[in-house]
Amino acid sequence: MCRWARGAASTGSARGARQCGIVTGDIAQKGCAAASNRQAGGTSSLRVRHPVSLAGNRSPVSSRRNNRLSHFTIDLEDKADLVLREPWTVDGMHALITKNLDRLRNWESWAQGEQTRDGLECFTNHQLSEWVAGRSLPAAIRQNGALVGSVGARIDLYAGVADLGYWIDADQEGRGLVTQASRAVIDHLRNDRGLRRIEIRAAVGNTRSRAVAERLGFEFEGTLRRAQQVGETVHDVALYALT
Ligand SMILES: CC(C)(COP(=O)(O)OP(=O)(O)OC[C@H]1O[C@@H](n2cnc3c(N)ncnc32)[C@H](O)[C@@H]1OP(=O)(O)O)[C@@H](O)C(=O)NCCC(=O)NCCS
């Protein structure tokens, strides 16, 4: 079911700060290298840009450390990349969700209600604050600079477990973009965050999503009975994990 995927960066002091790839906030204390723009690990390369405030204000705020973000970009293959879901993505993602709403409503609980631009902006800002706290990794997938989908993880810091979610524009489906983007996120979660376990939950009948999990080498651990309601339909959910 990919319980969330609507929606990465490092925090810390501004210019010249200690920044580690796309590691955030207090997590930045762990395994942090002095230089910015470090490799995120695996096959993807990562570019950290200048910090901005949570409100999307482009002028750096010098007071509250937790109010800072740095943008990030993870290069994928064939002119695709991953970017942090910041306020500038709201209009593009809203247009993409609107275009794909009927098919998203087949599988995504979050897509059932009305999808307003304001609602998406609130969600985006909430995910950014969760990113700063180290509890989420909200990324958008771009192809040739255009927003085409979403991949992200919700992170349980206490359990050391992350839950991966994704969706992509119908026109970009079947090209391997989601697998590639997920791989980059998984590299970060395992190599930079040191998470032990990453889960993917997909409705039993969602063959395309299950195929992504299997392509990524996740192990099928079993079926969660009646574990997801999507509109009027209650789905059994296939639980996959990478440990
Ligand atoms: C689930 C979903 C994200 C899967 O997207 P997808 O495009 O099928 O997944 P990938 O990007 O990994 O593409 C896989 C396809 O590309 C092909 N491919 C081409 N190049 C590839 C590459 N370099 N690496 C991997 N696969 C590649 C694969 O063979 C596969 O083809 P197939 O569909 O003919 O079997 C998409 O169907 C979707 O958005 N669904 C609606 C929302 C949803 O269900 N979200 C998940 C909820 S749990």
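Mentor: We will take the core, a strand, a helix and then a single residue. Keep in mind that this model is predicted.

Trainee: Which residues touch the most other members of the largest nonpolar core?

Mentor: That core has 49 residues. Leu82, Ala139, Ile141, Val151, Ala181 and Val185 touch the most other members. Helix α3 (residues 177-192) gives the most to this core, seven residues.

Trainee: Why is strand β3 described as largely enclosed by the rest of the structure?

Mentor: Count its buried residues. A residue is buried if 20 or more other C-beta atoms lie within 10 Å of its own. In β3 (residues 80-84), five of the five residues are buried, so the strand is largely enclosed. Look at both faces. Ala80, Leu82 and Leu84 point one way, Asp81 and Val83 the other, and all are buried.

Trainee: How many bridges join β3 to β4?

Mentor: Five, and the two strands run antiparallel.

Trainee: What about helix α1: how far apart are its end C-alpha atoms?

Mentor: Only 22 Å, for 18 residues. A straight helix would reach 26 Å at 1.5 Å a residue. Now look along α1 for a bend. There is a kink of about 75°, centred on Leu101.

Trainee: Which residues of α1 are buried?

Mentor: Val90, Met93, Leu96, Ile97, Leu104 and Trp107. Here is the general idea: an α-helix has 3.6 residues a turn, so residues three or four places apart point the same way.

Trainee: Last, how many other C-beta atoms lie within 10 Å of Ala227?

Mentor: There are 16, so Ala227 is partly exposed. Ala227 lies in strand β8 (residues 219-230). Beyond its sequence neighbours up to four places away, Ala227 touches Asp236 and Val237.

Notes: Residues numbered from 1 in each chain as written. Predicted model: local features only at pLDDT ≥ 70, side-chain atom pairs only at ≥ 80, totals over all residues. Core = buried A, V, L, I, M, F, W, Y, C linked by C-beta atoms within 7 Å. Buried ≥ 20, exposed ≤ 12 C-beta atoms within 10 Å, placed from the backbone. Helix = DSSP H or I, 4+ residues; strand = E, 2+ residues; numbered from the N terminus. Pairing = 2+ DSSP bridges. Expected span 1.5 Å × (residues − 1). Bend = angle between axes of the 7 residues up to and from the residue. Contact = placed C-beta atoms within 7 Å.
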